Amino acid sequence: MNLLDELRTHRLLAIVRGPDPAAALSAVLTLAESGVALVEVSLTGADALGTIRRARAALGPDFALGAGTVLSVEDARAAADAGAGFLVTPAVAPSVTEGGRLGLPVLAGALTPSEVVQANNAGAAAIKLFPAGSMGGPDYLGALRDPFPGTAFVPVGGVDADGARRYLDRGAVAVGVGSPLLGDAVRGGDPAALRERAAVFLTAVRP
């Protein structure tokens, strides 16, 4: 898959992380049914690899399903074996170059200008600006884009629906959203409420 094209097209990456594997799988499938076309399952969730395997089996080979919080070479290999189509890291970690070796595009975590350079040099398909909300939000993104006009940024961390629009207006290619979108769905919450939140975010990121 071409991760950068997917990010530019869909502009919303849902981040699923939770203590209940069955609820996490249900959330992934509900998001997909609601029109969210990019979903990351964080490896810090309970039985995340199992969730990725089951979601891949249900959604087919073409759905943009990735693994998040991928830090080590071993994490990258396990995610690939489970069926992840892309990797997401919280930092410039060994998993970035390993993703390239495995043929998987990587959304690599970076915050400072030096980290952005390191992530780009390691072969990242795009930069996960994290934690974006704690570092000045859209204004910080705008400041980073001046020295890095050709870099694709995906802000993550504290992004609500209003913030998503502001980040996109400041030049983000997409936004990554966890709890403001997922809510209690990863703990068995109402799927209908998740569908409603998905509709709100899909409207917010619409070009």
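**A close look**

A: Arg11 is buried, with a relative accessible area of 14%; buried means under 20%, exposed means over 50%, and partly exposed is in between, using a 1.4 Å probe and protein chains only. Before going on: this is a predicted model, where local features need pLDDT of at least 70 and side-chain atom pairs count only at pLDDT 80 or more, while totals for chains, interfaces and linings use all residues. Residues are numbered from 1 along each chain as its sequence is written, and side-chain values use heavy atoms, leaving out hydrogens and water.

Back to Arg11: its phi is positive, about 65°, although it isn't a glycine. You'll find Arg11 in the loop between α1 (3-10) and β1 (12-16). Helices (H or I, at least four residues) and strands (E, at least two) are DSSP runs, numbered from the N terminus. Asp47 also has a positive phi, near 45°, and is not a glycine either. Asp47 sits in the loop between β2 and α3 (48-59), and with a relative accessible area of 41% it is partly exposed. Most residues other than glycine have a negative phi, and most peptide bonds are trans. The bond from Phe130 to Pro131, however, is cis, with omega near -5°. Pro131 belongs to the loop between β6 and α7 (137-145).

Now for the part I'd zoom in on, strand β5, residues 106-110. β5 is mostly covered, with five of its five residues buried. In a regular strand the side chains alternate between the two faces of the sheet. In β5, Val106, Ala108 and Ala110 are on one side, Leu107 and Gly109 are on the other, and all of them are buried.

What flanks β5? Strand β4 (residues 86-88) pairs with β5 in the parallel sense over two bridges; two strands pair if DSSP finds at least two bridges between them.

Zooming out, the open sheet has eight strands in the order β7-β6-β5-β4-β3-β2-β1-β8, with parallel pairing. Its edge strands are β7 (153-155) and β8 (175-177), each pairing on one side only. Neighbouring strands are turned by 25° against each other on average, direction ignored. Helix α5 packs on the sheet, touching β4 and β5, and its direction makes about 165° with that of β5. Axes are lines fitted to C-alpha atoms (for helices over the stretch in contact), with angles from 0 to 180 degrees between N-to-C directions, and contact means heavy atoms within 4.5 Å.

One last stop is Thr51 in helix α3. Thr51 counts as buried, at 1% relative accessibility. Leaving aside neighbours within four places in sequence, Thr51 is in contact with Pro21, Ala24, Leu25, Val41 and Ala46.
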